[in-house]
Amino acid sequence: MSAPALAPPPDWAALATAALLLIGAAATLVAAVGLARWNSFFERAHAPGVVATGGLFAVALASALYFTALEGRPSTHEALLLLFVWATTPVSLSLLARVDVHRERRAARGARDEEKPLSGA
Amino acid sequence: MSAQQILAWSTLAAQAMLALAMALAVFRMIRGPRAQDRVLAFDKLYLVAMLLILTEGIARGTKLYFEAALIVALLGFVSTVAMARFLLRGEVIE
């Protein structure tokens with residue numbers, strides 16, 4: 001582990017960063033165990049949401065706190081990542097849920113994969 | 001044990017937990033019975049990779065890793081949407 005070029009942050013900031021990092025990583029690990037163990041698609045679809053809310057929030061807060069304490073000025077660019085991921089995760093997850101419904105219906109109709117309509121309109 | 005040592009060890013522990021989470025996502029990606037399960041596992045995989053890069057930036061005390069995490073988030077979202085649209089319509093760009 002390379003030593004930072006600046007003076008090390010104060011003790012309270014280092015301890016709070018460590019706690020937030022452990023909380024975020026633990027939430028992510030719990031979500032990953034759920035992704036590996038749950039049996040249906042819609043149960044598994046909850047796992048990336050846990051990562052994007054609990055895990056990312058704790059880790060981004062840890063990063064913002066650590067660099068604010070390290071450089072002595074506010075570090076706010078983590079908010080950019082947070083806002084971007086919070087805006088995009090519901091989009092991709094609802095799209096994947098629609099994919100599951102669509103493909104299950106098509107499988108129930110007994111259609112082969114090659115026999116899809118060419119255009120939706 | 002000083003606060004800096006505690007931070008170093010907990011960064012290492014967080015990275016180990018995130019790497020284990022990535023391994024579980026890869027397990028689901030290989031095992032996943034259908035295509036949408038694999039795309040879902042990929043979605044989680046890039047989110048955890050982004051967290052791992054952020055943690056590495058904290059461990060090394062540099063902000064350079066933040067841009068890499070931002071690019072991983074951006075490209076991961078675009079590729080998830082592209083794969084989901086491919087599964088939905090059979091083509092990506094209409």
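Two residues are in contact if their C-beta atoms, placed from the backbone, lie within 7 Å. The structure is a predicted model. The points below treat a pair of helices, the contact between the chains, the nonpolar core and one glycine.

**Helices H2 and H3 of chain B**

- Helix H2 of chain B spans residues 35–60, and helix H3 of chain B spans residues 64–89.
- Their axes are 9 Å apart, and the two helices pack at an angle of about 175°.
- Angles over 145 degrees count as roughly antiparallel, and H2(B) and H3(B) are therefore roughly antiparallel to each other.
- On the H2(B) side, the residues that meet H3(B) include B:Val39, B:Phe42, B:Tyr46, B:Met50 and B:Ile53.
- On the H3(B) side, the residues that meet H2(B) include B:Phe66, B:Val72, B:Gly76, B:Met83 and B:Leu87.
- By class, this contact of H2(B) with H3(B) has 17 nonpolar, four polar and two charged residues.

**Contact between chains A and B**

- In chain A, 52 residues are in contact with 47 residues of chain B.
- Helices H1 (11–37), H2 (41–44), H3 (47–71) and H4 (78–109) of chain A each supply at least two residues of the side of chain A that touches chain B.
- H1(A) gives the most to that side, with 16 residues.
- The side of chain A that touches chain B has 35 nonpolar, 11 polar and six charged residues.

**The largest nonpolar core**

- The largest nonpolar core has 59 residues.
- The residues with the most contacts inside this core are B:Leu18, B:Ala21, B:Ala25, B:Val48 and B:Leu51.
- Both chains take part: H1, H3 and H4 of chain A, together with H1 (3–31), H2 and H3 of chain B, each supply at least two residues of the core.
- H2(B) provides the largest share of the core, 15 residues.
- Leaving aside neighbours within four places in sequence, B:Leu18 is in contact with A:Ala25 and A:Thr28 in chain A and with B:Val48, B:Leu51, B:Leu52 and B:Thr55 in chain B.

**A glycine in chain A**

- A:Gly54 lies in helix H3 of chain A.
- Is A:Gly54 buried, partly exposed or exposed? A:Gly54 has 17 other C-beta atoms within 10 Å and is therefore partly exposed.
- Not counting residues up to four places away in sequence, A:Gly54 touches A:Gly24 and A:Ala27.
- A:Gly54 and A:His102 are 48 residues apart in sequence and 30 Å apart in space, C-alpha to C-alpha.

How values were computed: Residues are numbered from 1 along each chain as its sequence is written. Chains are lettered from A and ligands numbered from 1 in the order in which they are written. This is a predicted model: local features need pLDDT of at least 70, side-chain atom pairs count only at pLDDT 80 or more; totals for chains, interfaces and linings use all residues. Axes are lines fitted to C-alpha atoms, for helices over the stretch in contact, and angles run from 0 to 180 degrees between N-to-C directions. Helices (H or I, at least four residues) and strands (E, at least two) are DSSP runs, numbered from the N terminus. Angles under 35 degrees count as roughly parallel, over 145 as roughly antiparallel, 65 to 115 as roughly perpendicular and the rest as oblique. Ala, Val, Leu, Ile, Met, Phe, Trp, Tyr, Cys and Pro count as nonpolar, Asp, Glu, Lys and Arg as charged, and the others, Gly among them, as polar. A nonpolar core is a set of buried Ala, Val, Leu, Ile, Met, Phe, Trp, Tyr and Cys residues joined through C-beta atoms within 7 Å. A residue is buried if 20 or more other C-beta atoms lie within 10 Å of its own, exposed if 12 or fewer, and partly exposed in between; C-beta atoms are placed from the backbone.
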